[in-house]
Amino acid sequence: MDSNAPELRDARVWTALDRLSGADLMESPGQYLHGTEDFDSWASEFDGGE
């Protein structure tokens, strides 16, 4: 990513990137920390739903 890209000035983009960077964290072997409800909530927030 280019740090001078205009898209990166948007705080929503940084929040989304931060959340997505941990989207595949494991709670235990074979069990993810985040599930479908988390992803739906993040998408809704990014789209301005919250």
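Reader: When do the rings of Phe, Tyr and Trp pair?
Author: Such rings (for Trp, the six-membered one) pair if their centres lie within 6.5 Å; planes under 30 degrees apart make the pair stacked, over 60 edge-to-face, and the rest tilted. The model is predicted, so local features need pLDDT of at least 70 and side-chain atom pairs count only at pLDDT 80 or more, while totals for chains, interfaces and linings use all residues. Residues are numbered from 1 along each chain as its sequence is written, and side-chain values use heavy atoms, leaving out hydrogens and water.

Reader: How many aromatic pairs does this rule give?
Author: The count is one aromatic pair. The ring centres of F39 and W42 are 5.2 Å apart and the planes stand at 80 degrees, so this pair is edge-to-face.

Reader: Where are F39 and W42 in the helix, then?
Author: Both belong to helix 2 (residues 36-46), where they are three residues apart and thus separated by about one helical turn. A helix here is a DSSP run of H or I with at least four residues, a strand is a run of E with at least two, and both are numbered from the N terminus.

Reader: Is W42 buried or exposed?
Author: W42 counts as buried, because its relative accessibility is 17%. F39, at 32%, counts as partly exposed. Buried means under 20% relative accessible area, exposed over 50%, and partly exposed in between, with a 1.4 Å probe and protein chains only.

Reader: What sits over the ring of F46?
Author: The charged end of R12 does, at 4.6 Å from the ring centre. For this, NZ of Lys or CZ of Arg must be within 6 Å of the ring centre and within 35 degrees of the ring normal.

Reader: Changing topic: what pattern does the protein follow along the sequence?
Author: The pattern is α-β-β-α, with two helices and two strands in total.

Reader: And what is its radius of gyration?
Author: The protein has 13 Å, whereas a compact globule of 50 residues would have a value near 10 Å. The radius is taken over C-alpha atoms, and the globule rule is 2.2 Å times the number of residues to the power 0.38. Along the principal axes, the C-alpha atoms fill a box of roughly 40 × 25 × 10 Å. Of the 50 residues, 12% count as buried.

Reader: Where is Q31, and is it buried or partly exposed?
Author: Q31 is found in strand 2 (residues 31-32). At 41% relative accessibility, Q31 counts as partly exposed. Its C-alpha atom is 26 Å from that of W14, which is 17 residues away along the chain.

Reader: What about G48: is it buried or exposed?
Author: G48 counts as exposed, at 56% relative accessibility. G48 has its place in the segment after helix 2.
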